[in-house]
Amino acid sequence: MAEIAIRNVAKTYGKTRIMEGVNLTIRNGEFVVILGPSGCGKSTLLRLIAGLEEITAGEIAIAGQVVNDLEPRERGCAMVFQNYALYPHMTVAENIGYALKVAGVPKAERQARIAATAASVGLGDFLDRRPGQLSGGQRQRVAMARAIIREPKVFLFDEPLSNLDAKLRVQMRHEIRRIHTRIKATSIFVTHDQHEGMTLADRLVVMNKGTIEQVGTPDEIYDRPASLYVAGFIGSPAMSFLPGRVDAGRQALMLESGAALPLPRALAQAAAGRLVQAGLRPETLSLTAPGKGQIDARVDFVEELGAERLYHLMVEDLPLSVLSSEKVRPAEGAPIGVSVPLGALHLFDADTGRRIEPQAAETPVAVTA
Amino acid sequence: MRRAHFKFSWIVPLLLAPQLLVIFTFFYWPSAQALYWAFTLEQPWGGGNTWVGFDNFRKVLSDPYYWGSVRVSVIYALATTILAMGMALTLALFVDRQLAGYRVWRIGIIWPYAVAAPAVGLAFQFVFNPGAGIFSYINTISPGWWDLSKHPWQAVTAIVIAGAWKQVSYSFIFFLAALQAIPRSLTEAAAMDGARPLRRMIDLQLPLLTPTFFFLLVINITDSFTDSFGIVDTLTGGGPFRATDLMVYKIYSDGFRGFDYSGAAAQSIILMCLVMALTFIQFRYIERRVHYT
Ligand SMILES: Nc1ncnc2c1ncn2[C@@H]1O[C@H](COP(=O)(O)OP(=O)(O)OP(=O)(O)O)[C@@H](O)[C@H]1O
Ligand SMILES: [Mg+2]
């Protein structure tokens with residue numbers, strides 16, 4: 001178990017800078033999920049911590065020791081790879097026990113530990129098989145077991161579930177969480193699946209183009225996204241954005257479409273007179289008869305989701321989504337009203353894209369990286 | 001991949017014809033001739049060949065010189081194979097780790113494969129020449145010590161080195177391809193598991209190379225039996241004292257120098273059977289090798 005401190009880390013490949021000014025402290029025993037779109041540098045960050053890539057600038061410390069110049073084997077991290085990276089010519093038992101063998105653990109002890117670890121992930125019956133004779137989920141477990149058996153200080157996961165089918169993915173998610181509660185190693189889990197991130201994380205790290213956009217608990221990030229980028233990325237179905245200007249006198253946001261959306265006083269004052277993007281979560285909105293809501297829109301199309309429906313609307317030429325369990329099915333192009341509850345609006349500065357927090361807020365601003 | 005099926009048409013035999021013609025002219029026809037010669041004997045004063053059954057084979061197999069030739073061929077095959085594959089593997093491991101200068105290695109190492117055997121022999125003649133070659137320096141220290149034409153073991157060493165040099169490149173390419181086909185994440189996983197580079201080589205890379213290794217073993221041995229003629233002919237001419245009289249070379253010298261067509265033909269058939277056996281082993285056991293997936 002160990003704390004991980006990442007200080008001002010940058011990474012360049014040749015002349016391309018792919019990561020810059022990354023600062024992050026991960027507490028002892030914490031489960032942190034790094035979330036971001038493909039190519040944003042999640043794997044790179046993980047590999048920098050593991051020691052599989054060299055750090056260009058800055059430093060990384062594990063348990064208080066700067067590890068920049070340490071080999072992977074000296075860092076005490078275990079890693080679960082996306083493609084599992086099992087040794088194809090070794091049996092499951094040999095795969096799981098390889099680290100112990102390299103470390104020179106006596107055979108008897110090794111076998112006892114292999115058996116115990118394999119049993120703990122439900123692999124007891126497969127010890128003599130080769131990876132090629134296992135299903136995807138079983139391979140995944142071998143990869144986990146191989147990491148667990150080392151009792152690592154730090155557990156690194158690089159999208160370990162992305163090759164599994166949806167059902168197995170959910171199951172393995174719980175299993176990973178269960179294992180974490182048991183062994184309590186500091187864990188970093190990389191994924192681009194926000195459901196996975198939300199379920200697993202003690203804290204989420206949202207990355208974008210090689211920088212950290214926001215760090216916080218899943219709740220914090222969902223409730224108060226720090227930037228337009230995070231707001232658009234977290235939440236499914238995704239948030240809609242409408243531009244407007246805040247009128248402090250009327251305590252309202254005047255949308256470009258002409259609608260006026262009432263704002264809480266503290267927020268209206270904080271954003272007085274500014275051009276903003278208003279973020280609206282589909283699940284906070286509801287449909288009304290035309291002209292009865294704060295926003296007038298037209299129906300573009302309706303997406304059937306089973307229990308609910310996702311209404312894709314157009315406010316003039318901007319899209320707005322509403323998630324509703326009502327069973328209305330308005331015709332395409334029909335006018336419709338949208339009601340926005342007070343406090344459902346997220347305001348972001350139109351220029352910087354940063355979140356505007358209410359003035360004299362009782363709650364501190366979600367700290368950004 | 002999906003296969004396209006065509007209806008029979010005149011274009012099929014037409015496309016096959018050139019290749020079939022080449023195979024027929026240079027393989028089936030000579031083989032048939034060899035078979036004919038192997039079981040017949042030309043009458044001393046003309047008048048055609050007479051059928052002699054297995055006489056030619058009996059004569060060849062009871063000839064101590066023939067067994068000498070077999071012995072040196074086996075030594076040559078094993079020695080060149082071990083040397084060539086050892087070198088190839090070492091170089092491939094270096095290139096795979098991309099140690100300093102690997103680009104030069106990579107290009108330089110592929111060339112020998114493009115060089116014809118007699119040219120290899122000629123090139124090594126300059127190396128091994130006791131009077132003027134690189135090895136002649138030894139003779140300035142101890143005059144007369146190095147001389148291919150006097151010392152059998154030196155002659156064998158020389159053709160082994162030349163033969164191995166020629167074969168290194170082929171094995172190298174296969175080893176390198178196999179090494180590069182090992183996913184990088186495997187090596188990384190082993191590194192995370194605490195294995196240093198040497199340990200990773202022993203535990204990971206070498207075992208994963210086994211299929212390639214067996215494939216190359218058979219190919220190299222087969223090649224040493226059949227593709228050594230040019231080297232022997234240019235470098236030692238089979239001597240001294242028949243020390244480098246490899247099976248292919250003996251076929252040539254018995255047939256075209258000694259005019260013993262029937263004996264040479266019998267030897268050809270034996271060599272052909274040997275190569276066929278090796279090929280069979282390859283298909284039967286190596287092609288069905290363990291595939292790691
Ligand atoms: N060896 C390399 N040389 C040059 N550029 C690289 C190298 N490895 C990664 N990159 C670049 O660095 C960026 C970040 O890559 P990284 O693999 O960390 O992305 P990721 O967030 O893990 O994406 P994904 O979700 O697709 O796995 C990408 O733009 C990628 O092209
Ligand atoms: Mg990645």
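Helices, runs of H or I of at least four residues, and strands, runs of E of at least two, are taken from DSSP and numbered from the N terminus. The model shown in every view is a predicted one.

**View 1. A loop of chain A that holds Lys184(A), a residue with positive phi.** Lys184(A) is placed in the loop that lies between helix H5 (166-183) and strand E8 (186-191) of chain A. The phi angle of Lys184(A) is near 55°, which is a positive value in a residue other than glycine.

**View 2. The cis peptide bond between Ser236(A) and Pro237(A).** The bond that joins Ser236(A) to Pro237(A) is cis, with an omega of about 0°. Pro237(A) belongs to the loop between helix H8 (228-233) and strand E11 (240-247) of chain A.

**View 3. The residues of chain A that surround ligand 1.** The shell around ligand 1 includes Pro37(A), Ser38(A), Gly39(A), Cys40(A), Gly41(A), Lys42(A), Ser43(A) and Thr44(A), and among its other members are Tyr13(A), Ile18(A), Glu159(A) and His192(A). Helix H1 (residues 42-50) of chain A gives the most to this shell, with three residues. Sorted by class, the residues around ligand 1 are four nonpolar, six polar and two charged.

**View 4. Polar atoms of chain A that face atoms of ligand 1.** An oxygen atom of ligand 1 lies 2.7 Å from a polar backbone atom of Gly39(A), and a backbone N or O atom of Gly41(A) is found 3.0 Å from an oxygen atom of the ligand. On the side-chain level, an N or O atom of Tyr13(A) is 3.5 Å from a nitrogen atom of ligand 1. Taken on its own, ligand 1 has 640 Å² of accessible area, and the protein covers 59% of this area.

**View 5. The interface between chain B and chain A.** Here 19 residues of chain B are in contact with 26 residues of chain A. The area buried between chain B and chain A comes to about 2,000 Å², and carbon and sulfur atoms give 59% of it.

**View 6. Salt bridges and polar contacts between chain B and chain A.** Two salt bridges are counted between chain B and chain A, and in one of them the side chain of Asp193(B) meets that of Arg150(A), with 3.9 Å from N to O. Eight residue pairs, both partners at pLDDT 80 or more, are in polar contact across the interface of chain B and chain A. On the side of chain B that touches chain A, the elements that give two or more residues are helix H8 (184-192) and helix H9 (197-226) of chain B. The largest share of that side, eight residues, comes from H8(B). By class, the side of chain B that touches chain A is made up of 10 nonpolar, three polar and six charged residues.

View 7. The C-alpha trace of chain B spans about 80 × 75 × 30 Å along its principal axes.

Conventions: Residues are numbered from 1 along each chain as its sequence is written. Chains are lettered from A and ligands numbered from 1 in the order in which they are written. This is a predicted model: local features need pLDDT of at least 70, side-chain atom pairs count only at pLDDT 80 or more; totals for chains, interfaces and linings use all residues. Side-chain values use heavy atoms; hydrogens and water are left out. A residue is near a molecule or strand if one of its heavy atoms lies within 4 Å of it. A polar contact is a pair of N or O atoms within 3.5 Å; within protein, one must be able to donate a hydrogen and the other to accept it, and residues adjacent in sequence count only if both atoms are side-chain atoms. Accessible areas come from the Shrake-Rupley method with a 1.4 Å probe; for residues, only the protein chains shown count as cover. Ala, Val, Leu, Ile, Met, Phe, Trp, Tyr, Cys and Pro count as nonpolar, Asp, Glu, Lys and Arg as charged, and the others, Gly among them, as polar. Contact means heavy atoms within 4.5 Å. Buried area is the accessible area (1.4 Å probe) that two parts lose on being put together, summed over both. A salt bridge is a side-chain nitrogen of Lys or Arg within 4 Å of a carboxyl oxygen of Asp or Glu.
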